[in-house]
Amino acid sequence: QVQLVESGGGLVQAGGSLRLSCAASGRTFSYYAMGWFRQGPGKERDIVAAISRSGLSTYYAESVKGRFTISRDNAKNTVNLQMNSLKPEDTAVYYCVADAHASFTVPTTTTPAYDYWGQGTQVTVSS
């Protein structure tokens with residue numbers, strides 16, 4: 001099992017930046033493909049970004065391409081989401097997720113594949 005704890009959320013003005021971090025504890029971190037989901041008010045929970053176990057392959061939702069960057073440090077057991085040029089529509093609770101059955105090179109992009117979820121961190125972007 002793995003435990004996931006997010007940090008770094010907060011309130012920011014449109015056009016600003018935030019960096020979310022997720023600390024993982026438990027089983028060896030490199031066993032897990034990682035990702036970030038978000039759920040805005042009245043919306044479905046959707047994938048934002050994902051990264052393979054190797055860290056060499058990434059996936060981004062169209063809405064965040066060019067603005068968000070996902071990265072991982074397998075030595076520090078962390079995955080980060082750098083969010084730039086934030087928009088009010090990025091307002092959501094952001095969740096860190098882990099897939100325990102992923103291949104080494106392919107990021108996981110489907111919701112049911114993720115086995116573990118963090119508690120979430122609120123990101124609010126004001127206009």
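Me: Why does Tyr95 count as buried?

Reply: In this predicted model, Tyr95 has a relative accessibility of 12%. Buried means under 20%, so Tyr95 counts as buried.

Me: What makes Tyr95 and Trp117 an aromatic pair that is edge-to-face?

Reply: Two values decide it. The centres are 6.1 Å apart, and rings pair if their centres lie within 6.5 Å. The planes stand at 70°, and over 60 degrees counts as edge-to-face. Therefore the pair of Tyr95 and Trp117 is edge-to-face. Tyr95 lies in strand 9 and Trp117 in strand 10, so the pair ties together parts that are 22 residues apart in sequence.

Me: Why is Trp117 called partly exposed?

Reply: Its relative accessibility is 29%. Buried would need a value under 20% and exposed one over 50%, so Trp117 is partly exposed.

Me: How do you know that Arg45 lies over the face of Tyr95?

Reply: Arg45 is 4.1 Å from the ring centre of Tyr95, and the limit for a charge over a ring is within 6 Å. The direction must also be within 35 degrees of the ring normal. Arg45 is listed as lying over the face of Tyr95.

Me: Why is the pair of Phe37 and Tyr114 edge-to-face?

Reply: The ring centres of Phe37 and Tyr114 are 5.5 Å apart and the planes are at 85°, so the pair is edge-to-face. Phe37 is in strand 4 and Tyr114 in the loop between strand 9 and strand 10, 77 residues apart. Ring pairs link Phe37, Tyr95, Tyr114 and Trp117 into a cluster.

Me: What makes Arg38 and Asp90 a salt bridge?

Reply: Their closest N and O atoms are 2.9 Å apart. The cut-off is within 4 Å, so Arg38 and Asp90 form a salt bridge. Arg38 lies in strand 4 and Asp90 in the loop between strand 8 and strand 9, so the pair ties together parts that are 52 residues apart in sequence.

Me: Is Asp90 buried or exposed, and how do you know?

Reply: Asp90 has a relative accessible area of 0%. Buried means under 20%, so Asp90 is buried.

Me: Why does Glu62 count as exposed?

Reply: Glu62 has 63% relative accessibility. Exposed means over 50%, so Glu62 counts as exposed.

Key: Residues are numbered from 1 along each chain as its sequence is written. This is a predicted model: local features need pLDDT of at least 70, side-chain atom pairs count only at pLDDT 80 or more; totals for chains, interfaces and linings use all residues. Side-chain values use heavy atoms; hydrogens and water are left out. A salt bridge is a side-chain nitrogen of Lys or Arg within 4 Å of a carboxyl oxygen of Asp or Glu. Helices (H or I, at least four residues) and strands (E, at least two) are DSSP runs, numbered from the N terminus. Buried means under 20% relative accessible area, exposed over 50%, partly exposed in between (1.4 Å probe, protein chains only). Rings of Phe, Tyr and Trp (its six-membered ring) pair if their centres lie within 6.5 Å; planes under 30 degrees apart count as stacked, over 60 as edge-to-face and the rest as tilted.
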